[in-house]
Amino acid sequence: MSTEVGTDLPAAPAASTAPAGRRGGGEAAVTEAFAVALPVGRWSTDPAIIDAHRFDRSGWIPPGRPLGVAFAREVADVQSVLRVASARGVPVIVRGAGTGLAGGAAAGAGTVVLDLTGMNRIRELSVADAVAVVEPGVITADLDAAARRAGLSYPPDPASASISTIGGNIATNAGGLRCAKYGVTRESVLGLEVVLADGEVITTGRRTVKGVAGYDLTGLLVGSEGTLGVVVGATVRLRPLPCATVTLAGYFDTVAAAVDGVTALAAAGIVPAIAELLDERTVRAVDAATGSTLATHGAVFLLVQTDGAGATAEADEAEVILAARARAVHRSTDDATAEPLLAARRAALPSLERLGRPLIEDIAAATGVDIYTLAHAADGNLHPIIVVDPASPELPPAAWHAAEQIFELALELGGTITGEHGIGILKRRWLATELGSHSHDLQRRLRAAFDPTGILNPGRGL
């Protein structure tokens, strides 16, 4: 079982967020240094632009405002920003599309935002090697679409694939709808090009599927949330397009019945490409936001998709298993009828954002707060989402209590506080409990080896 708990911290951790210019003069001198270091048009202190780059999708509101926003277009831009930041002691918050759910890209007082969305080129797509070399600002769905035009696919499929970037996916080791069969982002990243805190560029990994030379720095950097270095390029693995796909929509009276169905699929040896669950409250929110009619078929929605040469046979067996537990099971073998079902799952979080400020969770628990649950059911990754009043500057005590209960239960059951999305700033207070003091300390020392001045995403991750 894995969990993603988000909470609205009242303030950024002062101990790990350095004030601007601690070694290099006042605010004006610091901002001027960045303006001089970057080409014209790639640095802004415009309040409107800063405000548009202050938040991510976590619901966390950091105190204060950043000093400015740097817009990287080339690797040299990233190097320039980090060299100035290292010399001046300025914290750098690395940002892609801002779809993160743990506060990792939310920027507060005294920081500089490094926006990588302008580095959005697919440098190479090799059919022969089944790899792509991409920049961090490439949209996930765009890479998959380009691969599909060549007869391949890029399997990682976060619900935000149409707007999230490859760099952000790598930073958080994003999962997604297809991760039960194809793995999370780490399984598709073969090598990286990274700018370290002092501006030095390193490459890690390889282009081949296999390779064990040296320590696995690629695996370490994937999921490091921008705290060890800034990813400016990635070599990712592509896979053949599945020759067939079958989609099943199961409608259940209870979450327990749907979960029993997923468990039965696993017991039968069926590994679906997708198995996504929406609880009753989330189903109704999606219907209200999109005009869909999921709730007319059943309270709880389970989307199952099989693919590959055995897709039809697996779907036949899955349909029998689910039908024994569901109110109804609908089957689709074409994109026209399957796509609205996939769209309903992807609409879950946007639908909840209409109701209030969502704080992302990853395990359900009985609480007194408004909580909606969706899940990557096939791999046990649940997303309970607490929705609070968007006008509230701080998280209500009841929501804090719910988060505490959620984490305690997750760890008690042998789970983790985060299966995807990362630690960010919202889950730091629980990390040491999961890791243990010795492992936590070792990871802190490892981070210091990569970033001795502590400028990269301070207050995030560890």
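View A. Buried means under 20% relative accessible area, exposed means over 50%, and partly exposed falls in between (1.4 Å probe, protein chains only). This is a predicted model: local features need pLDDT of at least 70, side-chain atom pairs count only at pLDDT 80 or more, and totals for chains, interfaces and linings use all residues. Residues are numbered from 1 along each chain as its sequence is written, and side-chain values use heavy atoms, with hydrogens and water left out. R121 forms a salt bridge with E135, and their closest N and O atoms are 2.9 Å apart. R121 lies in the loop between β4 (112-115) and β5 (122-126), and E135 in the loop between β6 (131-134) and α4 (140-149), so the pair ties together parts that are 14 residues apart in sequence. R121 is partly exposed, at 35% relative accessible area. A salt bridge here is a side-chain nitrogen of Lys or Arg within 4 Å of a carboxyl oxygen of Asp or Glu. Helices (H or I, at least four residues) and strands (E, at least two) are DSSP runs, numbered from the N terminus.

**View B. E124 and R207 form a salt bridge.** The closest N and O atoms of E124 and R207 are 2.5 Å apart. E124 lies in strand β5 and R207 in the loop between β9 and α7 (217-221), so this pair ties together parts that are 83 residues apart in sequence. E124 is partly exposed, at 31% relative accessibility. R207 is also partly exposed, at 32%. Salt bridges that share partners join E74, R121, R123, E135 and E193 into one network.

**View C. R42 and D77 form a salt bridge.** The structure holds 23 salt bridges. In one of them, R42 pairs with D77, with the closest N and O atoms 2.7 Å apart. R42 lies in the loop between α1 (27-37) and β1 (43-44), and D77 in helix α3 (residues 75-88), so the pair ties together parts that are 35 residues apart in sequence. R42 is partly exposed, with a relative accessible area of 22%. D77 is buried, at 5%.

View D. Six bridges join β8 to strand β10 (residues 230-237), and the two run antiparallel. Two strands pair if DSSP finds at least two bridges between them. Within this pairing, V189 stands opposite V236 in β10. Strand β9 (residues 201-205) pairs with β8 in the antiparallel sense over five bridges. Here E193 faces T203 in β9 as its opposite residue. Five residues lie between the strands in the hairpin of β8 and β9, where G199 takes a positive phi near 95°. In a regular strand, side chains alternate between the two faces of the sheet.

**View E. Seven strands form an open sheet.** The order is β15-β12-β14-β13-β17-β18-β16, with antiparallel pairing. β15 (328-332) and β16 (357-360) are the edge strands, each pairing on one side only. The twist averages 20° from one strand to the next. Strand β13 (residues 274-278) and strand β14 (residues 300-307) pair antiparallel over five bridges. F301 in β14 is the bridge partner of L278.

**View F. Helices α9 and α10 lie across sheet strands.** α9 lies across β13, β14 and β17 (371-376), at about 95° to β17. Helix α10 (residues 311-323) lies across β12 (245-252), β14 and β15, at about 5° to β12. Axes are lines fitted to C-alpha atoms, for helices over the stretch in contact, and angles run from 0 to 180 degrees between N-to-C directions. Contact means heavy atoms within 4.5 Å.

**View G. D287 is buried yet has no salt bridge.** D287 is found in helix α9 (residues 280-290). The nearest side chain of opposite charge, R284, is 6.2 Å away. Lys and Arg count as positive, Asp and Glu as negative; His and the chain ends are not counted. A polar atom of the D287 side chain lies 3.5 Å from the backbone nitrogen of T293. D287 touches S292, T293, L294 and A295, not counting residues up to four places away in sequence.

**View H. N381 is buried in strand β18.** N381 has its place in β18 (residues 381-388). N381 counts as buried, at 3% relative accessibility. The C-alpha atoms of N381 and K181 are separated by 14 Å, and these residues are 200 residues apart along the chain.

Note on methods: A polar contact is a pair of N or O atoms within 3.5 Å; within protein, one must be able to donate a hydrogen and the other to accept it, and residues adjacent in sequence count only if both atoms are side-chain atoms.
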